[in-house]
Amino acid sequence: MFSLDSILVLFLLLNSARCLSIGENSAARSLTTQTTSASTSAVSVALGGVTYVNKGIVGFGLIPSNFTDSLGDTLGGIGSGIAFKQATWKSLSNGSYTGTLVVHPDRGYNMYVTVDYRSRQHEIDFVFTPYNGTDDLDFESAQTTLQLTYVDTILQFDRGGGNTSGLDALAVRAAENGFPTVAVADPEMPIANETYQHLTIDAEGLIAASDGSYWVSDEYGPYVYHFSANGSLIQTIQPPEAFLPLDSNGDLNFTSVVNPTTGRAGNTGFEGLTLDAENDILYAMLQAATIQDGGDDDDTSLYTRMVAYDIANATVTPPTMVGEWVVPLPVSTSKSKTRKCSEIHFVSENVFFALSRDGNGNGAGTSSSDTTSKYKQADLFSIANATNIAGSKFDDPSNPVAPGGVLDDSVTPATYVSFVNYIDDDQLARFGLHNGDEEDSTLVNEKWESLALAPVNDPANPDDYFLFTASDNDFLTEDGISIGVPYNAGVNVDNQFLVFQVTLPSVSPGTIQQAIGI
């Protein structure tokens with residue numbers, strides 16, 4: 001006979017293994033408390049009547065923490081933004097895949113103070129051989145599933161070919177004549193200071209466009225910059241006033257050191273950037289709520305905002321904002337802290353990935369509380385039933401959409417569901433990785449901040465895609481070089497990459513291929 005306790009345990013285990021299902025018609029406010037982690041590697045979720053499946057990790061690779069780029073600086077922070085270089089993804093007859101990843105670091109090694117790190121992106125060739133076995137690979141063997149080879153670095157430049165910088169933005173450059181009616185005229189721009197008037201960029205998102213140009217999202221603005229293939233600045237998208245960091249006088253103050261009175265919080269700008277390539281709609285999302293929406297406190301910062309711009313013929317017609325939505329981020333079960341979002345990725349009409357996470361893992365510290373991650377996930381959200389607040393009173397910072405973290409009753413947020421769990425112990429073990437305990441090279445990294453999709457090209461599984469993701473290691477190495485100066489960060493944190501296989505039935509056939517130029 002089973003005891004009452006054993007029956008209860010069995011019930012809980014079975015219940016936790018059931019697929020997660022939240023329909024589009026669920027009560028909107030109840031979604032704000034969604035905190036459940038995807039519990040197993042093979043997890044299914046229902047969103048908008050469509051079932052999505054995570055089949056687990058199929059690839060792992062890294063670039064050592066002390067690797068240097070062609071400019072002589074440590075190659076770090078490269079998970080801030082990734083994208084497939086157009087037309088490089090190829091399926092080989094032996095079951096492997098090759099291509100080139102374009103990766104974008106943020107603002108350089110800045111453990112103590114920001115530095116004059118020039119904005120850049122790197123090209124990384126890869127050979128990807130998916131591993132679907134159940135046996136655990138050792139750490140070295142696991143790295144053969146995603147072999148990464150550095151190719152080159154491309155700098156990005158300010159107007160007139162001037163250098164960009166990673167220094168904190170302590171001054172403002174006036175808007176150019178013609179803004180906002182002239183497509184390529186700049187708005188007010190963040191610069192290092194009045195005497196060193198270089199554009200400052202803290203890059204966090206990357207889109208590789210079909211014409212060879214790149215869109216880069218930034219935390220200082222929060223802006224979206226458009227660069228040519230050779231790194232020349234083409235144009236800048238400035239979001240509504242509600243997003244801009246304004247001081248008590250209503251003036252722009254782009255510094256990341258202190259929070260503004262309204263607008264994006266410090267270091268909480270446009271972390272998320274993605275493109276609906278079929279319709280030329282660019283989406284950018286704040287890492288968490290604006291200050292007026294509760295963003296000055298992790299307990300109240302869950303209601304972030306996503307904007308959409310039509311960028312068809314962007315250099316001729318200024319990008320037009322066509323949408324703005326509130327997205328409720330997950331919160332921790334123990335302390336109700338917001339799991340901030342480090343990236344978004346377009347899946348299909350109205351449906352997106354959101355990479356939300358905690359701040360634990362390799363690079364966070366040596367205690368068990370530092371090394372043990374509790375939430376790192378590529379979740380899904382839908383704006384199908386969400387209120388489009390673009391052009392509404394909420395674009396004025398004096399009219400918050402979620403004052404003190406309480407959403408306005410007139411606004412329905414996006415529907416958010418838990419999906420791809422990065423820290424499933426069984427899946428990590430298959431690739432020689434672990435979560436928690438000792439801080440070593442096999443500990444899963446703290447900051448995962450980028451996503452990219454590519455087709456599996458399996459006729460038996462036509463809805464399957466590979467989800468590439470990379471970590472931002474904050475340039476942490478004991479053998480580093482920052483703008484020509486050696487440094488020792490006291491820890492080595494490699495640049496880790498993971499690949500998941502996911503089933504995405506809502507994706508229109510050919511749209512992922514179109515997005516990456518194949």
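L476 is buried, with a relative accessible area of 7%; buried denotes under 20% relative accessible area, exposed over 50%, and partly exposed the range in between (1.4 Å probe, protein chains only). The structure is a predicted model, in which local features need pLDDT of at least 70 and side-chain atom pairs count only at pLDDT 80 or more, while totals for chains, interfaces and linings use all residues. Residues are numbered from 1 along each chain as its sequence is written, and side-chain values rest on heavy atoms, with hydrogens and water left out.

L476 is located in the loop between β24 (464-471) and β25 (480-482). Strands (E, at least two residues) and helices (H or I, at least four) are DSSP runs numbered from the N terminus. With residues up to four places away in sequence set aside, L476 is in contact (heavy atoms within 4.5 Å) with S65, Y109, M111, G363, A489, V491, N492 and V493. Between the C-alpha atoms of L476 and I311, residues that are 165 apart along the chain, the separation is 36 Å. The loop between β24 and β25 also holds F475. Although F475 is not a glycine, its phi is positive, at about 65°. F475 is buried, with a relative accessible area of 2%.

A positive phi of about 65° is also found at A87, likewise not a glycine. The position of A87 is in the loop between β4 (81-84) and β5 (90-91). At a relative accessible area of 44%, A87 counts as partly exposed. By contrast, T371 has 0% relative accessibility and therefore counts as buried. T371 belongs to helix α3 (residues 368-371). Its contacts, again without residues up to four places away in sequence, are G361, G365, T366, N435, G436, D437, E439 and L443.

An open sheet of four strands shows the order β19-β20-β21-β22, and its pairing is antiparallel; two strands pair if DSSP finds at least two bridges between them. Its edge strands, each pairing on one side only, are β19 (341-348) and β22 (415-421). From one strand to the next, the twist averages 30°, where axes are lines fitted to C-alpha atoms and angles run from 0 to 180 degrees between N-to-C directions. Strand β21 (residues 376-382) is joined to β22 by five bridges, and the two run antiparallel. Within β22, V417 is the bridge partner of L380, and V420 is that of A378. β22 is mostly covered, since seven of its seven residues are buried.

Four bridges connect strand β12 (residues 214-218) with strand β13 (residues 224-227), the two running antiparallel. In β13, Y225 is the residue opposite V216.

The loop between β12 and β13 contains P222. The peptide bond from G221 to P222 is cis, with omega near -5°. A cis peptide bond also leads from F179 to P180, with omega near 10°. P180 is placed in the loop between β9 (171-173) and β10 (189-191).
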